[in-house]
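This briefing is written for reading alongside the sequence and the coordinates.

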Amino acid sequence: LLCQLLPQQLNLVDFKGQTPLMLVAEGGETELVRAMLKAGADPDRQDWRGITALHTAIKSHVAGCVDTLLDHPCQLDKITCDGRSPLHTAAWTANVHAIKRLLVLAPNLAWQRDTQGMTPLELIEGLIEEPKALQVLAEEAGSNGGRCLSGYELISVVKLLELAPLSSMK
């Protein structure tokens with residue numbers, strides 16, 4: 001009801017540049033994401049780190065949130081301040097559902113490099129090869145209320161990303 005009565009509020013940002021849509025997507029609130037998009041929320045707004053609602057939905061691991069944004073649609077090539085695409089986020093959070101959807105919708109993202117020159121696949125391989133990096137990531141995720149990743153999950157992500165078609169390289 002608030003979305004319908006005050007749609008102009010949907011794109012206001014907090015001190016971090018986050019919109020209400022980003023926050024509810026991160027919380028995995030699929031119905032609120034759907035209502036906000038229908039009322040005019042901009043899914044392509046970026047916060048101070050370049051994160052969009054799609055990035056936050058991917059981190060939530062709620063397939064419905066990811067699907068709602070991807071089906072809306074939203075821009076898939078928005079990158080964070082460290083040059084990471086939504087596929088990078090899906091990779092380091094081991095969100096298999098998001099990886100599969102993104103590889104179908106934008107296979108070229110598999111070859112996009114972040115500011116450190118890493119593709120999503122190389123990012124994950126680095127985490128697997130460097131246990132301390134994986135431990136730091138797991139601790140950070142846990143401290144933010146997220147789930148800790150396992151090496152097994154990352155190996156399954158590597159297998160998915162290795163299937164990205166070479167023809168989509170840019």
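Of the 170 residues of the protein, 45% count as buried, and the model described here is a predicted one. The protein has ten helices and zero strands, so that its pattern along the sequence reads α-α-α-α-α-α-α-α-α-α.

**Confidence and overall fold**

- The mean pLDDT of the protein is 87, with 88% of its residues reaching 70 or more.
- Confidence is lowest in helix H1 (residues 2–5), where the mean is 68, and highest in helix H5 (residues 63–71), where it is 97.
- Where pLDDT is low, the predicted coordinates should not be read in detail.
- Among contacts between residues at least 6 apart in sequence, 68% join residues at least 24 apart.
- The accessible surface comes to about 8,900 Å², and carbon and sulfur atoms account for 57% of it.

**The largest nonpolar core**

- The largest nonpolar core has 42 residues, of which Leu21 and Leu69 touch the most other members.
- Helix H10 (residues 151–161) supplies the largest share of this core, namely five residues.
- Leaving aside neighbours within four places in sequence, leucine 69 is in contact with residues including Leu21, Ala25, Val33, Leu37 and Cys74.

**Histidine 55**

- Histidine 55 lies in helix H4 (residues 53–60) and counts as buried because its relative accessibility is 1%.
- A polar atom of the histidine 55 side chain lies 3.3 Å from the backbone oxygen of arginine 84.
- Not counting residues up to four places away in sequence, histidine 55 touches Gly50, Lys78, Thr80, Arg84, Ser85, Pro86 and Thr89.

**Salt bridges**

- The structure holds seven salt bridges, and one of them joins arginine 34 to glutamate 31, with the closest N and O atoms 2.5 Å apart.
- Because arginine 34 and glutamate 31 are three residues apart in helix H3 (residues 30–38), about one helical turn separates them.
- Arginine 34 is partly exposed at 39% relative accessibility, whereas glutamate 31 is exposed, with a relative accessible area of 57%.
- Arginine 49 forms a salt bridge with aspartate 47, the closest N and O atoms being 3.7 Å apart; arginine 49 is partly exposed at 31% relative accessibility, while aspartate 47, at 7%, counts as buried.
- The side chains of arginine 101 and aspartate 71 meet in a salt bridge at 2.8 Å, N to O.
- Arginine 101 lies in helix H7 (residues 96–105) and aspartate 71 in helix H5, so this pair ties together parts that are 30 residues apart in sequence.
- Aspartate 71 is exposed, with a relative accessible area of 54%, and Asp67, Asp71 and Arg101 are linked in a network of salt bridges.

Note on methods:
Residues are numbered from 1 along each chain as its sequence is written. This is a predicted model: local features need pLDDT of at least 70, side-chain atom pairs count only at pLDDT 80 or more; totals for chains, interfaces and linings use all residues. Side-chain values use heavy atoms; hydrogens and water are left out. Helices (H or I, at least four residues) and strands (E, at least two) are DSSP runs, numbered from the N terminus. Buried means under 20% relative accessible area, exposed over 50%, partly exposed in between (1.4 Å probe, protein chains only). A polar contact is a pair of N or O atoms within 3.5 Å; within protein, one must be able to donate a hydrogen and the other to accept it, and residues adjacent in sequence count only if both atoms are side-chain atoms. Contact means heavy atoms within 4.5 Å. Accessible areas come from the Shrake-Rupley method with a 1.4 Å probe; for residues, only the protein chains shown count as cover. A nonpolar core is a set of buried Ala, Val, Leu, Ile, Met, Phe, Trp, Tyr and Cys residues joined through side-chain atoms within 4.5 Å. pLDDT is the predictor's confidence in each residue, from 0 to 100. A salt bridge is a side-chain nitrogen of Lys or Arg within 4 Å of a carboxyl oxygen of Asp or Glu.
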